[in-house]
Amino acid sequence: GNFVNNITFGMRTVRSIANMFPQHPLCFHFMATNPSQYFEEIAKCGARQVAVHFEGLPYPSEELCRIRELGMIPGLAINLRTSISQVAPFFEYIDFLMVMTMDSGYGGTNGLGFCFANHDRIRQARAALPAGKELWVDGAMDETEMKNCFALGVDAVIAGRMIFPEKLAQAGETRRAYLPSERQQTPAQLLEPLSEEWGRIPPAAIVWMNRRDAICTKKKDAP
């Protein structure tokens with residue numbers, strides 16, 4: 001890839017997922033420098049939310065408006081080097097801001113955990129966003145940090161390796177996600193302790209554009 005090193009899995013896989021699960025809304029996070037070439041295709045697949053990276057957009061307002069024109073919900077994702085103030089002029093074009101707590105790339109933490117400096121960054125984002133705009137967080141998530149994020153006013157977190165953990169590489173093997181038969185708990189079982197606090201299992205959006213399993217967990221008020 002030219003925005004991150006790994007390569008996306010492509011529209012053929014996206015169409016297959018959309019056909020298999022037509023009842024589920026799809027959420028996309030594009031780690032790409034030219035995401036607009038996919039907008040019309042993913043709209044046909046039933047995409048609901050679409051996050052594009054500020055760092056990969058020459059004209060962010062144009063791309064975000066196009067997402068909305070196609071009936072999807074536009075969001076802006078930002079890497080660590082991008083300040084909240086840099087993207088503030090584009091808040092009027094988005095419904096949600098996705099703050100990365102580590103540099104974009106492969107799933108997992110790339111050897112880097114969630115650092116406390118991100119808490120200040122999340123506070124800044126929450127304070128800067130106008131009322132009605134959602135704040136999402138992605139990167140190095142675990143159960144403790146998920147709870148911390150929600151306490152700081154985050155509306156949704158991306159919990160890829162928390163829900164789909166990786167198997168440590170053995171001799172002669174490559175690092176990979178656990179197969180369903182190798183997991184001690186299903187994703188629903190992992191989320192159940194959190195659902196007891198919230199009163200329900202959080203909904204999940206399971207499409208991710210960097211060839212890795214992921215899940216988007218969104219806080220909901222208890223009924």
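# Reading the terms in a predicted model

Me: On one side of helix 1, the residues Arg12, Asn19 and Met20 are exposed. What makes a residue exposed, partly exposed or buried?

Reply: With a 1.4 Å probe and protein chains only, a residue is exposed when its relative accessible area is over 50%, buried when it is under 20%, and partly exposed in between. The model is predicted, and residues are numbered from 1 along each chain as its sequence is written. Local features need pLDDT of at least 70, side-chain atom pairs count only at pLDDT 80 or more, totals for chains, interfaces and linings use all residues, and side-chain values use heavy atoms, with hydrogens and water left out.

Me: Which residues of helix 1 are buried, and how do you know on which side of the helix they lie?

Reply: Helix 1 (residues 11-20) has Met11, Val14 and Ala18 as its buried residues. They span an arc of only 55° around the axis, and therefore lie on the same side of helix 1. The arc is taken from the directions that lead from the helix axis to the C-beta atoms. Helices are DSSP runs of H or I with at least four residues, strands are runs of E with at least two, and both are numbered from the N terminus. The cover over the buried residues of helix 1 includes strand 1 (26-30) and helix 2 (39-44).

Me: What does helix 6 show when its buried residues are examined?

Reply: In helix 6 (residues 143-151), the buried residues are Glu145, Met146, Cys149 and Phe150. Their arc around the axis is only 140°, which means that they sit on the same side of helix 6. The face turned away from that buried side carries the exposed residues Thr144 and Ala151. Just after helix 6, Gly153 has a positive phi of about 100°.

Me: Why is Phe30 called buried, and why is Tyr38 called partly exposed?

Reply: Phe30 has a relative accessible area of 2%, so it counts as buried. Tyr38 has 22%, so it counts as partly exposed.

Me: What makes two rings an aromatic pair, and what makes a pair stacked or edge-to-face?

Reply: Rings of Phe, Tyr and Trp (its six-membered ring) pair if their centres lie within 6.5 Å; planes under 30 degrees apart count as stacked, over 60 as edge-to-face, and the rest as tilted. This rule gives 5 aromatic pairs. Phe30 and Tyr38 have ring centres 5.7 Å apart and planes at 15°, so they are stacked. Phe30 and Phe39 form an edge-to-face pair, with 6.3 Å between centres and 65° between planes. Ring pairs join Phe28, Phe30, Tyr38 and Phe39 into a cluster.

Me: What makes a group of residues a nonpolar core, and which residues have the most contacts inside the largest one?

Reply: A nonpolar core is a set of buried Ala, Val, Leu, Ile, Met, Phe, Trp, Tyr and Cys residues joined through side-chain atoms within 4.5 Å. The largest has 39 residues, and those with the most contacts inside it are Ile42, Val50, Val52, Leu76 and Leu97. Apart from this core lies another, of 10 residues, among them Phe96 and Met98. Leaving aside neighbours within four places in sequence, Val52 is in contact (heavy atoms within 4.5 Å) with residues including Phe30, Phe39 and Leu76.

Me: How many disulfides does the structure hold, and are Cys27 and Cys65 buried or partly exposed?

Reply: A disulfide is a pair of cysteine sulfur atoms within 2.5 Å, and the structure holds 0 of them. Cys27 is buried because its relative accessibility is 5%, whereas Cys65, at 33%, is partly exposed.
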